[in-house]
Amino acid sequence: MKALVFDLDGTLVDTKYDMLDAGNLVFESQGWEVRLEGFSGFQTAIQGGRAILRYGLKEEGISFTEKSLKDYYQLYLHNYDKVLDNKSCNYVGVVNTLSKLQSMGVKLGLCTNKPEKHARELLKRLGLIN
C-alpha cells in the first residue's frame, strides 16, 4: 500500500490571512497597539497561533508564562472560529492532485499542529473532505 501524508497550512491550504486576522482580533480585544501585517506578519502567522501570541506579547512588553500563553491561546482559537475560512483557500491544483492520487489507490493522510476541530472544519468547508 502506498500512502502520502501532507501538511495542511501552507501546503494544501493558504491559511495565513485568517490566522493573521485571528491574532489581530486577540490584540484588538486586549487593547494592544500591535498588529500583524505585511510580510513580517505573514512570517509570524505561518508559525502558528502560539507564535502569533508570543509576538504580540513581546511587542507589547508583556511578560508571560506558558500558563498565561495557554489562556491567550484559548482566546485566539475562539477568534479563529470566527474567521476560519474567510480568506483561506486551497492552493491551485490541490483538489485535482489529491483526487488523482486517490484514484491511483494512494492512501492520504494529514499532519498538522492545528487543533483537529479546526482542521476538520476547514477541510470540509474547502471541499477537501466530506
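What follows is a short chat about one predicted protein model.

Reader: What kind of model is this, and how are residues numbered?

Author: The model is predicted, so local features need pLDDT of at least 70, side-chain atom pairs count only at pLDDT 80 or more, and totals for chains, interfaces and linings use all residues. Residues are numbered from 1 along each chain as its sequence is written, and side-chain values use heavy atoms, with hydrogens and water left out.

Reader: What does the protein average in pLDDT?

Author: The average is 95, and 100% of the residues score at least 70. pLDDT is the predictor's confidence in each residue, from 0 to 100.

Reader: Where is confidence lowest, and where highest?

Author: Helix α2 (residues 38-45) is lowest, at a mean of 90, and strand β3 (residues 89-90) is highest, at 98.

Reader: How many helices and strands are there?

Author: The protein has six helices and four strands. Helices (H or I, at least four residues) and strands (E, at least two) are DSSP runs, numbered from the N terminus. In sequence order the pattern reads β-β-α-α-α-α-β-α-β-α.

Reader: What does the C-alpha trace span?

Author: About 55 × 25 × 20 Å along the principal axes of the protein.

Reader: How much of it is buried?

Author: Of the 130 residues, 39% are buried. Buried means under 20% relative accessible area, exposed means over 50%, and partly exposed is in between (1.4 Å probe, protein chains only).

Reader: And what share of contacts comes from residues 24 or more positions apart?

Author: Such pairs account for 74% of the contacts with a separation of 6 or more. A contact means heavy atoms within 4.5 Å.

Reader: Let's go to α1. What span should helix α1 have?

Author: Helix α1 (residues 16-29) has 14 residues and should span 20 Å at 1.5 Å a residue; its end C-alpha atoms are 20 Å apart, so the two agree. The expected span is 1.5 Å times one less than the number of residues in the helix.

Reader: Which residues of α1 are buried?

Author: K16, D18, M19, L20, A22, G23, N24, V26 and F27.

Reader: What do those buried residues pack against?

Author: The buried residues of α1 pack against β2 (13-14), α2, α3 (49-59) and α4 (66-83). Just after α1, G31 takes a positive phi of about 75 degrees.

Reader: Where does L36 lie, and what does L36 touch?

Author: L36 lies in the loop between α1 and α2. Leaving out residues up to four places away in sequence, L36 touches L20, N24, F27, G41, T44, I52 and Y55.

Reader: Why does L36 count as buried?

Author: L36 counts as buried because its relative accessibility is 3%.

Reader: New topic: which helix holds H118?

Author: Helix α6 holds H118.

Reader: Is H118 buried or exposed?

Author: H118 is buried, with a relative accessible area of 4%. Not counting residues up to four places away in sequence, H118 touches L77, Y80, D81 and L84.

Reader: And where is L126?

Author: L126 sits in the segment after α6 (116-125). L126 counts as buried, because its relative accessibility is 18%.

Reader: What is L126 in contact with?

Author: Setting aside neighbours within four places in sequence, L126 is in contact with V13, S88, C89 and N90. L126 and Y73 are 24 Å apart in space, C-alpha to C-alpha, and 53 residues apart in sequence.
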